[in-house]
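This briefing concerns the structure shown below. Please keep the sequence and coordinates at hand while reading the points that follow.

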Amino acid sequence: MITVSVAGCTGYAGGEVLRLLLGHPEVRLGNLTAHSSAGSKLGAHHPHLVPLADREILPTTAENLAGHDVVFLALPHGASAEIAAQLGDDVLVIDAGADHRLESAEDWQRFYHCDHAGTWPYGLPELPGARARLAGAKRVAVPGCYPTTATLALAPAVSAGLIDGRDITIAAASGSSGAGKAAKPHLLGAELFGSASAYGVGGVHRHTPEITQNLRVLGAVDPSISFTPMLVPMARGILAVCTAPLAAGVEAAAVRPAYEQAWAGEPFVHLLPEGQWPMSQSVVGSNAVQMQVTVDESVNRLVAVSTLDNLTKGTAGGAIQSMNIALGIEETTGLTTVGVAP
């Protein structure tokens with residue numbers, strides 16, 4: 001059995017990692033740690049995790065995380081690097097925060113306003129060459145939830161040269177769990193219910209450079225994106241609408257076959273039948289990504305729509321998928337494409 005420790009176990013991401021690991025046949029859960037919640041029982045924070053309800057939460061220290069085969073870091077941005085540096089090279093460390101996602105130190109400092117901790121293998125297996133880089137890795141950076149959604153929506157179009165990457169727009173709506181579990185006025189029920197709002201407008205959202213980085217990996221030259229995230233009154237899920245002009249000489253009829261070819265055989269990415277559009281409720285609790293693509297011929301723009309559960313494929317599920325690859329376990333182990341509805 002693989003022994004696994006989870007730091008930041010009381011947050012939404014940490015709780016989702018634990019939920020999925022409870023169903024993983026090759027994992028035994030070791031120490032569970034947090035900061036301010038240390039000394040309490042896990043059931044006080046995640047009553048849905050019944051098998052772990054009586055587990056005591058330990059302080060997040062290198063000593064409490066050591067001795068495990070795998071350590072998941074579900075910590076606030078900027079907190080992972082220090083603790084990861086204290087863990088041995090023989091431990092697989094999977095960072096669900098942003099600390100090790102970006103290749104550019106300049107981009108990191110601009111958007112996160114602290115020192116860059118370095119770059120780890122990127123945990124989005126569907127990117128070209130990603131599975132080879134993850135195989136045998138001892139450090140993995142889990143992608144952000146918006147970048148996962150938007151990157152997969154655009155990947156076939158970028159890789160096949162179907163779009164002009166200098167004019168990409170992304171509008172994506174997320175449930176409130178994407179903002180974390182900390183008490184914040186704009187996440188109160190009275191503020192959230194019955195309302196939708198935009199935030200991080202004007203190119204300032206921290207996931208913008210990560211999406212751009214991914215598009216370069218896919219072959220885009222000097223990609224330019226306008227990314228607008230939105231908060232909508234649901235607990236979990238993301239739906240992204242991504243558009244871009246078709247490249248010169250590309251016919252609309254070439255678009256869907258490119259998507260069919262790109263996602264054929266991928267276990268977690270599902271291109272819906274023509275005319276059926278993604279709904280966030282269809283992927284709740286699953287590691288599935290559902291998408292649709294068309295061309296708005298009135299303006300000659302590709303329109304790709306994708307949805308996923310921000311806590312599962314967007315964070316914890318993607319992390320476990322990457323863990324499986326790194327350890328040489330069947331990639332789909334412990335994960336499902338079956339959502340919970342209604």
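The structure is a predicted model. The largest nonpolar core holds 44 residues, and a second, separate core holds 33. The largest pocket contains about 1400 Å³ of space.

- Strands β1 (residues 2–7) and β2 (residues 27–34) run parallel and are joined by five bridges.
- Within this part of the sheet, Ala7 is found opposite Thr33 in β2.

- Eight bridges link β10 (residues 238–245) with β13 (residues 301–308), and the two strands pair in the antiparallel sense.
- Cys242 has Ala304 of β13 opposite it.

**Nonpolar cores**

- Among the 44 residues of the largest nonpolar core, Leu154, Ile163, Ile170, Leu215, Tyr259 and Leu302 touch the most other members.
- Helix α6 (residues 145–159) supplies the largest share of this core, namely nine residues.
- When neighbours within four places in sequence are left aside, Ile163 is in contact with Leu154, Ala157, Val158, Ile168, Ala244, Pro245, Leu246, Ala247 and Leu302.
- The second, separate core of 33 residues has Ile2, Val6, Leu32 and Leu134 among its members.

**The largest pocket**

- The space in the largest pocket comes to about 1400 Å³.
- The lining comprises 48 residues, of which Leu75, Pro76, His77, Ala179 and Gly180 are the closest to the pocket centre.
- Two or more lining residues come from each of α1 (12–21), α3 (80–84), α6 and α10 (312–327).
- Helix α1 gives the largest share of the lining, three residues.

**Two buried loop residues**

- His207 is located in the loop between β8 and α8 and counts as buried at 9% relative accessibility.
- Not counting residues up to four places away in sequence, His207 touches Arg101, Tyr112, Gly144, Cys145, Tyr146, Pro147 and Phe227.
- Between His207 and Ser36 there are 171 residues of separation in sequence and 27 Å in space, C-alpha to C-alpha.
- Leu102 sits in the loop between β5 (92–95) and α4 and is buried, with a relative accessible area of 3%.
- Apart from its neighbours within four places in sequence, Leu102 is in contact with Asp107, Trp108, Tyr112, His116, Gly118, Thr119, Pro209, Glu210 and Gln213.
- Leu102 and Arg206 are 104 residues apart in sequence, with their C-alpha atoms 11 Å apart in space.

**Backbone geometry**

- Most residues other than glycine have a negative phi, and most peptide bonds are trans.
- His113, although not a glycine, has a positive phi of about 60°; this residue lies in the loop between α4 (105–112) and α5 (130–134).
- His113 counts as exposed, at 64% relative accessibility.
- Asp222 is likewise not a glycine and has a positive phi of about 50°; its place is in the loop between α8 and β9.
- Asp222 is exposed, with a relative accessible area of 60%.
- The peptide bond from Ala341 to Pro342 is cis, with omega near 0°, and Pro342 is found in the segment after α10.

Technical notes:
Residues numbered from 1 in each chain as written. Predicted model: local features only at pLDDT ≥ 70, side-chain atom pairs only at ≥ 80, totals over all residues. Heavy atoms only, no water. Core = buried A, V, L, I, M, F, W, Y, C linked by side-chain atoms within 4.5 Å. Buried < 20%, exposed > 50% of the residue type's maximum accessible area, 1.4 Å probe, protein only. Helix = DSSP H or I, 4+ residues; strand = E, 2+ residues; numbered from the N terminus. Contact = heavy atoms within 4.5 Å. Pairing = 2+ DSSP bridges. 1 Å grid on protein atoms, 1.4 Å probe; cavity = no way out; pocket = protein on both sides within 12 Å on 5 of 7 lines; lining within 4 Å. Points joined across faces, edges and corners; volume = space filled by probe spheres on them.
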